[in-house]
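I opened my notebook to look up a metal site and some residues. My notes follow.

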Amino acid sequence: MKKGTEDVLLNNTPILSTEDLTYIYQKGTNSEVTAIQDVSVDILQGELVGIIGHTGSGKSTLIEHFNALKKGTSGRVLLDGSDIWADKSKIRSVRFRVGVCFQYPEYQLFEETVAKDIAFGPKNMGLSEEEVNRRVTDALTYVGLSQSYAEKSPFDLSGGEKRRVAIAGIMAMEPQVLVLDEPCAGLDPKGRATVLQMIASYRAKTGCTVLLVSHSMEDVAAIADRILVMNRAHVAFFDTVDAVFSHAEELQEMGLDIPRITQLMLSLREKGIDVPANLYTVQQAYDALRPRLKGGSRHAQ
Amino acid sequence: MLSDITIGQYYKAQSVVHRMDARMKLILTVLFIVIIFLCKNFFSLAVMFVLTAVSILVSRVPFRMFFKSLKPIIPIILITAALNIFYVKKGTELLSFWKISVTTGGLSTAFFMAVRIICLIMVSSLLTYTTVPTQLTDAIERLLSPLNVLHISVHTLAMMMTLALRFIPTLIEEIERITNAQKARGADFESGRFLERVKAMIPVLIPLFVSAFRRAYELSFAMTCRCYHGGEGRTRMKQMKLSAVDFAALGVFLLSLAGVIVLNRFFQAMI
Ligand SMILES: Nc1ncnc2c1ncn2[C@@H]1O[C@H](COP(=O)(O)OP(=O)(O)OP(=O)(O)O)[C@@H](O)[C@H]1O
Ligand SMILES: [Mg+2]
């Protein structure tokens, strides 16, 4: 288990929960689609949850419920123990507490300068100008962009930079729960690593709860405490990274790409070599295999 | 909601009307509009009403679809009816107060106009429900091709129309996506006075235009890469052919035209 994961899971007060949440698109027509069904999960204060699932498994639909953009056909969403739909006039404040950054957020930039665009959320919160400026400066730092970007036009940036500005726009609201839908989609390996690094360090600095939607097991395994696996509108697994990867074969049946190293371990097991199946980093595999290698560690290193 | 817009919405079904040549459907729709304006009394209007009803039945498009397309113009129908009731002063007076009086003539004119508008809307929706938008623009292109003589590039116009129709659903989806993203940042579209609401649209409109232009560029590059160079010498994958059904339908419409002319002569004109 990852360092720190125990701490987070021990301190188990749920901040965001769903109760039997179901959502049906185009209800009442002959083309009804049940996007999520009976989803009941508890997201704990301060943890980083990776949400994975094949295309169309309902991940995006689920997170749109977290900040009240969609209202479940049935079921409830609780934030800090109270139903987010209980008081309609508080919906906007829910959106400030649960910051959601959608897939391809770079297409929502609209202001003349990066700083103004990042300030859009904080301004809507009605913060003072000083506070807004502080948050814009902080957010730029969180996403690893230098202050010289503040006065540039967001339309003159590269795709990856735009993406980071858009994420900064959500971070600047300093939400209690930060939800990111595929923040790495369409980025090269280096860009992906940067974004993941950025999210991890933001969380370390602010201690906020993070939900990270992704297609890639490798990305999620590296930084998540727990993984929520969606399969055809249902929750398939919701457990620690180790526990989820111990179901590697079922995951593959759901069409998920488990990390390469885990695949390797699985095929070793098929060949009759007794190695654990719940490995997902090269280091772990190295530790597990070393005793078996003749000639000691010199060769393997 | 935005998704209620029915422009260019095709309703998939197996029917004679669906199978008809788009050019003929287009011609017949125009013919219908002409005939219905020729109608001078309730007898000739009845002919067109029956024709509308029969076309709808034959098309196998459920009636609720027509009701859906009628809904947005109910206010217009009501306003025209009201104007007719109060302005037309013919026949016997039914009631009067202050400067306003309602006559039998006013009532029947109002009814006449309402039926006429309803038939018009139904028949034009029938055209879009039973014809795929690309076929429709294709038909327009061919029917207008004589204009090429005047150096008007009908093909370009038709291509623009096809593309516009194709991108309506895409843009609607895009609007919903951007709206959601800005709402997630606390944008408020529901409250405030008129001017504030218009201002609140800016964070949606700018990204929408940016992405519409991006799409347009990408599309034009893609078309250029496939050697698109306009209509000259371009052949078609789907050839249009007139069949017996098309001529039969034309026959029915011409008969109705004859009926309307005759009935207009025999009975007193209403309007
Ligand atoms: N606007 C919509 N109308 C009808 N059905 C929809 C709509 N949006 C999504 N769906 C359907 O709901 C299901 C879940 O979609 P969702 O977008 O939540 O999937 P996802 O897990 O986010 O997929 P991806 O990984 O591709 O982003 C899919 O089957 C999809 O076809
Ligand atoms: Mg999605």
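I began with a definition: donors are N, O and S atoms within 2.8 Å of the metal (3.2 Å for Na, K and Ca), and water is not among the atoms, so sites may look incomplete. I also noted that this is a predicted model, where local features need pLDDT of at least 70, side-chain atom pairs count only at pLDDT 80 or more, and totals for chains, interfaces and linings use all residues. Residues are numbered from 1 along each chain as its sequence is written, chains are lettered from A and ligands numbered from 1 in the order written, and side-chain values use heavy atoms, without hydrogens and water.

**Entry: the magnesium ion**

Which protein donors does the magnesium ion (ligand 2) have? I found A:Ser60 (OG) and A:Gln103 (OE1), at 1.9 to 2.7 Å from the ion. A:Ser60 lies in helix H2 of chain A, and A:Gln103 in the loop between strand S7 (98–101) and helix H4 (114–124), so the pair ties together parts 43 residues apart in sequence. Helices (H or I, at least four residues) and strands (E, at least two) are DSSP runs, numbered from the N terminus.

I looked up exposure next. Buried means under 20% relative accessible area, exposed over 50%, and partly exposed in between (1.4 Å probe, protein chains only). A:Ser60 is partly exposed at 25%. A:Gln103 is partly exposed at 30%.

**Entry: A:Asn67**

I found A:Asn67 in the loop between helix H2 (59–66) and strand S5 (74–79) of chain A. Is A:Asn67 buried or exposed? A:Asn67 is buried, with a relative accessible area of 0%.

**Entry: A:Val229**

A:Val229 sits in strand S10 (residues 226–231) of chain A. A:Val229 is buried, at 0% relative accessible area.
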